[in-house]
Amino acid sequence: MRKKNFFSALFILFLLVSASITCAQKISSQKGLTTAIFSNTAGIIRIYLPENIQPGDMISGRIIPEPNGKNGKQVEKNLDALKGYTISFNNDKFPVENAKKIFKVSIPGDFGTTGMNISLLNSSGMKVSELKVFPLNKKIQMPGLNNCDIPTHALCGSPLRITGPFDGDMSTTQCSLDGKPLEILAESPRQSIVSIPADAGGMRSFNEQENGKTVCSKQISGVEMNVTAGDLNLRKGQKTFIDVTITGLQNLKDTAFLSLKNVTTEVVVMLPSNNIIIPFFPDSIGNGNFQKRFDIQSIKTGSFTVNVNLDLPETETTDNPTTTEEQSGKCECKPGCSIKKVETRGDEVDYTADIIAECKGATGRGSTKVQCSVVSVTTEWSIGISGKDVAAIKGKADGKTVTVKLKTPGAYNLYCKVVVTCSDGSVCESVCSYEESYIPPPPTTTECGLSYEWCKGPSIKVKSYGFYPDNDAKDVLNDFRPGDLIGISAFATDFDYLMQRCLCPEGLEFKKHPINPDEVFYDWELKSIGRGGHGSLITDPDPASNSVIYQLPFCYEDYPLLDKVILTIYNKGKKAKDEQVQIEFTISITIKPPYYKEKVKKTYGLAINLRKEIINKPEDTDCKEVLGGDCVVQPWVWDKGSPLSYSSTITLKTSPDAPPDNLVLLHTSTTDLDNLTLKCFHKKSGLVITEKLLDVVDPTDITWDIIKGAGSFPLGKKGNSVVFVHNYNPANKDGSSANEVVIKCTISDSKMQALDVVPDIEIDKTIKPRIQPAAFVGVGDIHFLGSTEHGELIEAGERAVKNYEGAGYNVFTDFECKKPSIERVYKNNACQAVLMIGHSDATGVALSGGLNFFVPIDIRTWVNEKWGCFPDQKHPIGRELILMGCNVGEGEAEWYKQYFRLEKFYGRKEWVWSSAAFSSILKYIKEEHKPLPPRIQDK
C-alpha cells in the first residue's frame with residue numbers, strides 16, 4: 001500500500017497591504033504527526049503526538065513553548081508566562097518547561113468512542129482551554145515483529161515517519177543521520193516520527209535503534225525544496241511569480257507529486273490554474289533536480305497565500321500486517337500527465353497528452369464496501385501568460401490532443417490540466433507542461449520589425465578549480481596544524497549569443513551575432529558535517545570573488561572533522577540566464593596514530609584529505625539561425641556607455657590568527673557597461689530599423705603578477721580574486737625576512753564589445769615580509785631560595801638558543817623566567833617550540849618569585865583568552881614542547897598531566913628528564929638536543 005509522505009511549505013506573499021496574524025487553539029495531522037496548539041498573547045504551546053493513536057496504546061511526544069517577543073527581554077518574560085501553564089492528558093499532567101519536554105501517556109480503552117482531552121491549565125490548576133483527539137478514520141495495520149520501513153526519500157526540514165515495531169516510549173529510541181543524532185518528535189507502538197534537519201540534502205545513512213538494538217538502517221536521499229518569489233511590491237493588475245527548486249529526487253521508487261494551491265483566489269490568479277499538481281515519475285526525473293516558475297496575476301491589492309506541497313512516496317510495511325480496525329474511507333485519487341509534440345505543419349503544431357487517471361482503495365465496509373473507480377477524466381489546454389503573444393490554442397482545448405497556432409517567433413509554455421473524478425465524488429487535478437521555442441515560417445505581416453533575445457549557447461564552463469596545497473603535496477599536508485590555511489579557487493567563463501530577428505512581409509532572417517561574454521558570479525558556502533566543530537572561510541563579499549581561504553579549526557570537540565565548501569557558479573541573467581554549476585570541495589581532518597622510535601613517543605599529527613567534484617555539468621544550447629530573407633540583419637555596433645571603473649586599491653585578507661606560513665587572499669573589483677545598436681535592412685524598400693540596448697555588461701580581464709619579491713599564485717592568476725603564497729626568506733643577518741613582495745594587478749577591457757579608450761590599468765599592492773617562526777627558551781629557578789645561580793642551567797639555556805637559531809627560529813628568551821613571559825609566548829601565533837629548564841614538582845615549574853615559586857602553567861586559560869576555546873588535548877599552535885628539570889618525570893602524574901596533556905594529539909613528547917644533577921641537563925642540550933625544524937609551507 002502506497003502512503004503519502006509530504007510536507008507543506010506555506011508560502012505567504014504580501015501585496016502592499018500587510019497581513020495580520022491571528023492564532024487560535026487548533027489541532028492538525030499530517031505525515032504521521034498530530035500537532036495541537038494553544039496560543040495566547042505570550043506565545044504558543046505546541047504539542048506533538050503520533051497520528052495513529054489506538055485504544056490501549058502507550059504513546060510519547062513533546063511539549064514545546066514558543067514565546068513571542070521583539071527582543072531578548074520580551075522573549076524571556078513571555079517564556080516565563082508560558083512556563084506557568086500545565087498540559088493535561090485526561091488525568092496525566094505535565095508542566096510546560098524551557099526545553100522540549102518529553103511526555104508519555106497511556107491511551108484509555110474508550111478512546112475510540114470518547115477521544116482524549118488535551119487541556120491547558122493555568123498556574124492555579126484551572127482549565128483555560130481544551131482540545132480533543134480522536135482516532136483516525138482509516139485502517140491501522142500492525143507492523144511485523146521484525147519489520148521496520150524507512151522511506152527512500154526524506155524532505156529536509158520536515159518530519160519523517162518510520163513504521164515499525166516500537167514500544168511507544170521515545171526515550172528508548174535513538175535515531176541518527178550520518179552518525180549525528182536526530183530529534184524524535186513522537187512515537188506510538190506502530191511508528192516513530194523524527195525531524196530531518198534542513199541541511200540534510202544528498203545521500204545519507206539513517207539508523208534507528210530501540211532499546212539499544214538496531215531496528216532500522218538504510219541509505220536515504222535528502223530532498224531539498226526551495227520556494228522563492230519575484231517582486232512583491234505589486235498593485236492591482238501587476239504580475240509576479242513563484243520559483244520552486246527541488247533537488248535530490250533521483251532514484252525514486254514511486255511517483256512523487258508537487259502541488260500548488262492558491263488559497264486566496266479573490267486576490268490573485270495563479271496561472272495556468274489555481275490548483276496545480278505536477279507528478280515526478282521515477283523514469284523521468286533524470287538527475288533528480290527540478291526547477292520551474294509559476295506566474296501570478298494580481299486581481300486587487302492585498303496579501304495572498306499559496307500552499308506549496310511536496311508529496312514523496314512512502315511504502316508502508318507489509319510483513320505480516322494485522323488489521324486492528326477497518327473503517328470507511330475516501331478513494332485515493334491519482335492524476336498525472338506528460339505532453340509530447342506530434343507534428344509540425346507550417347505555423348501549426350499538434351501535441352498529445354499521456355494521461356494517468358487512477359482511483360484506488362474502497363469506500364464503505366462489510367456488505368456496503370465498494371471498490372473505487374474512475375468516473376470521468378477531463379482535460380483543459382492553455383498557453384502560459386508569457387507566451388500569449390506568441391501562440392494560441394486552435395480549435396478545441398478539452399481533448400487528449402490539441403493544435404497550437406503560432407503568431408510570432410518566440411518561446412511559450414503549453415499546459416494541460418487533467419481533472420479526475422472518482423466514484424465517491426472526490427476530485428483531483430494535475431497540470432503538466434511543455435516548454436517550446438519555435439521559429440515559424442514567414443508571417444503575413446505588412447510592417448517590418450526588429451526583435452532580439454539572448455541565447456545561452458555554451459553553458460558555464462569551469463576552466464580550473466582546486467586546492468592549495470592539494471593531496472599531491474603530502475609532505476606539506478602531513479605537517480599541518482590547527483589554524484593552518486588551505487587555498488580554494490575556481491575560474492569559470494560564460495559566453496552567450498545575441499539572436500536578432502529582422503522581420504518583413506517577404507520573410508524573416510534570424511541570425512546570431514558573434515559570441516559574447518557574460519558576467520560570472522561565485523557563491524561560497526561552508527557546511528560542517530563533522531561531529532566536533534568546523535573550520536572557517538576567509539572571503540571577500542564581492543560576488544565576483546572566485547577564490548577563498550579555508551582555515552582549519554583551532555578548537556574542536558572530537559575528530560574526525562568533515563567540512564564541505566559548496567561553490568555555486570551562476571550569472572544574473574543580464575544576458576542569457578544559464579543553469580548554475582556547483583562544485584563541492586571536501587576537507588576531511590583526522591588524527592594519525594603515534595609511532596615510536598627508540599622508546600620515545602613521536603609526533604601525533606593531523607591527516608588531511610582533500611576532495612573536489614563538479615556536481616553538475618549543464619549541456620550547451622544550440623542557437624539556430626534562419627537566413628536568406630529580404631530583411632537582413634546588419635552587423636551590430638558597440639559604443640562605450642559608462643567608462644570602465646575599478647577599485648583603486650587591492651584588498652588583502654588573511655586570518656588574524658594565521659600562522660607564519662600564511663596564505664593571502666587578494667581581491668579587486670571592476671565594472672564596465674557598454675551600449676549596443678542593432679539594425680535591420682529591408683532590401684526592397686531600403687528601410688533601416690534600429691534599436692539601441694543600454695548598459696550591456698562587458699566583463700573585464702584581470703591578471704595578477706609579482707613585480708618584486710618571491711611568491712606564487714598556485715591556483716592561477718586570473719579573476720577578481722586570487723590566492724597568493726608568500727615565500728619565506730630569512731636572508732637578513734638579524735634573522736628577519738627580506739622578502740617584501742609587490743603585486744601588480746592588470747585590468748583590461750575584454751575587447752569583445754566597445755573598446756574603452758583608457759589604457760590597461762595596473763594597481764600595485766605591497767605585502768610585508770612574513771613572520772619568522774618563533775621558539776621560546778625559558779630558564780627559571782637559577783637563584784634557588786637565595787642561593788647562588790646555577791651556571792649549568794644558564795649555559796644550557798644559551799646553548800639551546802643557538803640550537804633553535806640554527807634550526808631557523810626567531811628565539812625569545814627569559815633567564816629569570818616568570819609566568820607573564822610564558823603567557824606571552826603561548827599567545828604568539830608564530831611560536832612553534834618551547835623549551836623550559838628549571839626545578840619543578842607535581843604542581844608546576846619553578847619560576848622566579850620567592851618561596852611560592854612552583855607556579856602552574858595555565859595553558860588552558862591562555863588558549864581560551866586567545867582563541868575562544870579551551871581544549872583539553874593541546875595548545876593549538878605548539879609543535880615541540882620540552883621540559884628539562886630535576887624531580888620531574890612521568891611518575892609525577894599530576895605535573896605531567898598539567899603540562900603535557902596539551903601534547904596529547906599534536907607536538908612531541910620529545911623528552912622528560914628525571915636527573916637530579918643540572919650537569920645532566922647541560923649534557924643533553926649539548927649532545928642530544930635537535931630541535932624539530934620550523935614548519936614553513938613553501939619549503
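A salt bridge here needs a side-chain nitrogen of Lys or Arg within 4 Å of a carboxyl oxygen of Asp or Glu.

You'll find Lys 334 in strand S27, residues 332-345. Strands are DSSP runs of E with at least two residues, helices are runs of H or I with at least four, and both are numbered from the N terminus. Setting aside neighbours within four places in sequence, Lys 334 is in contact (heavy atoms within 4.5 Å) with Asp 254, Thr 255, Phe 257, Ile 356, Ala 357, Glu 358 and Cys 428.

## About the model

This is a predicted model, where local features need pLDDT of at least 70, side-chain atom pairs count only at pLDDT 80 or more, and totals for chains, interfaces and linings use all residues. Numbering runs from 1 along each chain as its sequence is written, and side-chain values use heavy atoms, with hydrogens and water left out.

## A nonpolar patch

Ile 355, Val 374 and Val 377 make a nonpolar surface patch of about 190 Å². Val 374 lies in strand S31, residues 374-383. Patch members have over 30% relative accessible area and no salt bridge, with nonpolar side chains (Val, Leu, Ile, Met, Phe, Trp, Tyr) joined within 5 Å. Val 374 has 35% and is partly exposed.

## The whole chain

The protein chain has eight helices and 70 strands, and 51% of its 939 residues are buried.

Terms used. Patches are made of residues with over 30% relative accessible area and no salt bridge: like charges are joined within 9 Å, nonpolar side chains (Val, Leu, Ile, Met, Phe, Trp, Tyr) within 5 Å. Accessible areas come from the Shrake-Rupley method with a 1.4 Å probe; for residues, only the protein chains shown count as cover. Buried means under 20% relative accessible area, exposed over 50%, partly exposed in between (1.4 Å probe, protein chains only).
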